[in-house]
Amino acid sequence: MLSMEPINLLKFPKAWNQLVFSSKQQRRTPQTRLLKIGLFVRKWPEKNQAGGMERHALTLYLALAKRGHDLHIFTTSSSANIPSIMSNLHFHISRPIGSGYLNQVVAWKQFLEENATKAFDVIHSESVGLRLTKSSSYLNNVAVSWHGIAYETIHSDIIQELVRNPLDSSSQQVISDGKMMKVVEEVKFFQYYAHHVATSDHVGDVLKRIYMIPEERVHIILNGVDEEIFKPDVSKGNDFLLKLGINQDRSGSSIILGLSGRLVKDKGHPLMFEALQQIFLENSTFKDSVIVLIAGNGPWGDRYKELGPNVMVLGPLERAQLAEFYNAIDIFVHPTLRAQGLDQVPLEAFLTGKPVVATKLASFTGSIIVNEDMGYTFSPTVSELKKVLYEVWEGGKKNLEKKGGFARERGLKMFTATKMVAAYERLFLCISGNNEEKQQKSEDYCVYQPHQEMD
């Protein structure tokens, strides 16, 4: 229960998503400040090829533009030009360097040229879209959102080494001194950013404790997904199943598991494949009464097809199709071995009213599946995953529907795009003072007044 006393947002230790920001701001009254925002993202998303960071950028930036802010996006793209769908959404494109990174010299030159016409109120970077290499006092209005940090990759490497097939020497991962030095490097240059947005509660804690960033410069804003697309719709789910040749009699008597994303090793698909293979061999009733739908592509797609007709690999799906997919399943399984950022697919499942089975990683247990009412977590071993899958099956569809209700409640409270965008907008308004006059105006936005916000 939040206090009704005023809150200094810059020192608020929890996720901003749980706060209810004034609807007056969303209606865009004449008194509301409109900002000129510079946005740096490594790559602009292209249809269903986008990763989590790019989808986050697309959702956030389009919504901010719709709210009237003037957005300038510094990015790379395979297209020479990106058609702008709004007059206040401007793209500054450069050619990628290395393995697809934003050319910092070119992008910064583009930024300075635009800044000379009218100074930016706020600068935002998606991870190291903008790489600061020295402390700049005039950049006190910079915020960076972290979608994965080096400290998390060490945990991922430990997990992948423990689950590695000992006969597969080609995939051996060694946690080298280089990985540790990467953390040290980040601890040093992260200090150059004025404000840090942690996309999970866990990363917020790591930035404060391990990276030693002062608490008033670390803000937790969890990722959000479009609640108008991802929402319960039984008829869409039934139609999706019918297209796959699964009628209501069969779906009503089966537990339908769903997986989606890239079907690669570090997303946990060898683990899931082995767990299903073992269960199918030892329990024919489970095999006959469970349907597994897999949305995505990758090398493990063909392996899944070896498990029989009840395992269906659907290929990559557009967002609207994904919403139908979530509505068709009873529970979503997310066996990833990568402990980086806050994956969006479990959030999509939650908003669609589906419980989630996920690896016992700090970002999931701390921000998403916070108790057993809304899903299951497992240690990343075949035996533990099998145990959870049996528990799901034995609990039955009614139990999953109940958990899905709790998942939906948490999704609406914490993971909607609307709540995420409102939180980012408030942060940007708060830190936007780049001169004394604007600083005085922006300070009002740094205080959360519960009575006024909820009017």
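Predicted model: local features only at pLDDT ≥ 70, side-chain atom pairs only at ≥ 80, totals over all residues.
1. The crossing of α2 past α16 is right-handed.

2. Now look at who touches whom. From α2, the contact uses H56, T59, L60, A63 and L64. From α16, the partners are A417, M420, V421, Y424, E425 and F428. Sorted by class, this contact of α2 with α16 has 8 nonpolar, 2 polar and 1 charged residues. An α-helix has 3.6 residues a turn, so residues three or four places apart point the same way.

3. Helix α9 (residues 269–282) packs with helix α15 (residues 382–414) at an angle of about 60 degrees. Their axes are 9 Å apart. Here α9 is oblique to α15. The cut-off matters for this label: 65 to 115 degrees counts as roughly perpendicular, and the angle here is about 60 degrees. α9 passes α15 in a right-handed crossing.

4. The α9 side of that contact is made by L271, M272, E274, A275, L276, Q278, I279 and E282. The α15 side is made by V382, L385, K386, L389 and Y390. By class, the contact of α9 with α15 holds 9 nonpolar, 1 polar and 3 charged residues.

5. Turn to strand β5 (residues 122–126). How many of its residues are buried? The count is 5 of 5, and the strand is mostly covered. In a regular strand the side chains alternate between the two faces of the sheet. In β5, V122, H124 and E126 lie on one side, with I123 and S125 on the other. Both faces are covered, and these residues are all buried.

6. Which strands pair with β5? One is strand β2 (residues 36–43), which runs parallel to β5 and is joined to it by 4 bridges. I37 has V122 of β5 as its bridge partner. Another is strand β6 (residues 142–146), also paired with β5 in the parallel sense over 4 bridges. There, H124 stands opposite A143 of β6.

7. S127 has a phi near 50 degrees, a positive value in a residue other than glycine. S127 lies in the loop between β5 and β6. Is S127 buried or exposed? S127 is buried, because its relative accessible area is 10% and the cut-off for buried is under 20%.

8. M212 also has a positive phi, about 55 degrees, although M212 is not a glycine. Where is M212? M212 sits in the loop between α6 (201–209) and β8 (218–220). With a relative accessible area of 58%, M212 is exposed. The cut-off for exposed is over 50%.

9. Finish with helix α12 (residues 319–328). Its buried residues are L322, A323, F325, Y326, N327 and A328. What do they pack against? The helices are α7 (234–243) and α13 (345–351). The strands are β9 (255–260), β10 (290–295), β11 (311–315) and β12 (331–334).

How values were computed
Residues numbered from 1 in each chain as written. Heavy atoms only, no water. Left-handed = near helix turned anticlockwise from the far one by under 90°. Helix = DSSP H or I, 4+ residues; strand = E, 2+ residues; numbered from the N terminus. Contact = heavy atoms within 4.5 Å. Nonpolar A, V, L, I, M, F, W, Y, C, P; charged D, E, K, R; others polar. Buried < 20%, exposed > 50% of the residue type's maximum accessible area, 1.4 Å probe, protein only. Pairing = 2+ DSSP bridges. Axes fitted to C-alpha atoms, helices over the stretch in contact; angles between N-to-C directions. Parallel < 35°, antiparallel > 145°, perpendicular 65-115°, else oblique.
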